Amino acid sequence: DLFCLATRDSGIVTIRDIVFVGYGIDDNRYNDYTGQDDLQGKWVGCVAGEPKTSKGLYVLTGTNEPGVWTDEVGRKMAAAEKRGASGILLIRQDYDSFIPRIRFWREAPQMMLDFPEEMKKNEEPSFPYFFVSPRIGDVLSKAAFGKKLEKIISSWEKKGQAKTSAADNEREIHVERTIER
């Protein structure tokens with residue numbers, strides 16, 4: 001139910017003080033971080049993708065086509081990291097079909113360029129992020145809002161804006177990091 005794509009080391013990651021920030025978007029047209037400027041030491045929980053209106057249009061583009069926040073996870077990571085967050089939990093509604101694609105991408109042979117040693121130390125992102133299943137998303141959503149994730153997203157679509165809330169949760173996640181080259 002969790003897939004870690006970037007973390008500093010193997011070991012135990014303790015996740016406490018989760019702040020649920022809707023879709024994790026920080027854009028001049030739409031901002032889930034309003035009032036959440038200091039997240040020092042906290043984890044951000046957010047839903048992958050972008051918000052839609054009650055008519056099914058994407059809020060940021062006003063069309064049936066999503067904007068850049070849907071597929072560019074780095075934007076959501078940067079928004080959380082900029083506010084001092086310790087890491088991000090990205091809830092994927094399509095988790096069960098998404099994770100096999102990510103595993104394939106990570107495990108498939110890749111062309112590697114030979115970089116100078118000083119450049120190699122920055123190969124892997126150091127800001128920890130986890131892809132999270134809707135099952136874990138429900139746990140987070142219930143802790144933050146008292147409702148299942150699906151109901152929360154539905155209410156956001158009716159209002160055209162996601163809601164932010166803190167969840168009193170503490171979880172330990174054991175992470176084993178393996179990099180094969």
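Me: Hi! Which exposed residues sit on the face of α5 turned away from its buried side?
Reply: Those are E150, K151 and K158. Keep in mind as we go that this is a predicted model.

Me: OK, and which residues of α5 are buried?
Reply: Helix α5 runs over residues 149-159, and its buried residues are L149, I152, I153 and W156. They cover an arc of only 95° around the axis, so they lie on the same side of α5.

Me: How do α4 and α5 pack?
Reply: Two packed helices are described by an angle and a distance, both taken between their axes. For α4 (residues 134-145) and α5, the angle is about 65° and the axes are 8 Å apart.

Me: Which residues make that contact?
Reply: From α4 there are G137, D138, S141 and F145, and from α5 there are L149, E150, I152 and W156. Sorted by class, the contact has four nonpolar, two polar and two charged residues.

Me: Switching to rings, how many aromatic pairs are there in the whole structure?
Reply: A search finds six. In one of them, Y129 and F131 have ring centres 5.8 Å apart and planes at 85°, so this pair is edge-to-face.

Me: Are those two buried or exposed?
Reply: Y129 counts as buried because its relative accessibility is 9%. F131 is buried too, with a relative accessible area of 2%.

Me: And what about F145 and W156, how are their rings arranged?
Reply: Their centres are 6.2 Å apart and their planes are at 80°, so that pair is also edge-to-face. It links distant parts of the chain, with F145 in helix α4 and W156 in helix α5, 11 residues apart. Both F145 and W156 are buried.

Me: Which aromatic cluster do they belong to?
Reply: One formed by F20, Y23, F145 and W156.

Me: Which charged residues lie over rings?
Reply: R83 has its charged end over the ring of Y33, 4.1 Å from the centre. R75 lies over the face of W69, at 5.8 Å from the ring centre.

Me: Last one: where is T70?
Reply: T70 is in the loop between β5 (43-47) and α1 (73-82). With 18% relative accessibility, it counts as buried because the cut-off is under 20%.

Me: What does T70 touch?
Reply: Apart from neighbours within four places in sequence, T70 is in contact with G49, E50 and Y58. The C-alpha atoms of T70 and G49 are separated by 4.0 Å, though the two residues are 21 residues apart along the chain.

Key. Residues numbered from 1 in each chain as written. Predicted model: local features only at pLDDT ≥ 70, side-chain atom pairs only at ≥ 80, totals over all residues. Heavy atoms only, no water. Helix = DSSP H or I, 4+ residues; strand = E, 2+ residues; numbered from the N terminus. Buried < 20%, exposed > 50% of the residue type's maximum accessible area, 1.4 Å probe, protein only. Contact = heavy atoms within 4.5 Å. Arc of directions from axis to C-beta. Axes fitted to C-alpha atoms, helices over the stretch in contact; angles between N-to-C directions. Nonpolar A, V, L, I, M, F, W, Y, C, P; charged D, E, K, R; others polar. Phe/Tyr/Trp six-rings, centres within 6.5 Å; stacked < 30°, edge-to-face > 60°. Lys NZ or Arg CZ within 6 Å of the ring centre and 35° of its normal.
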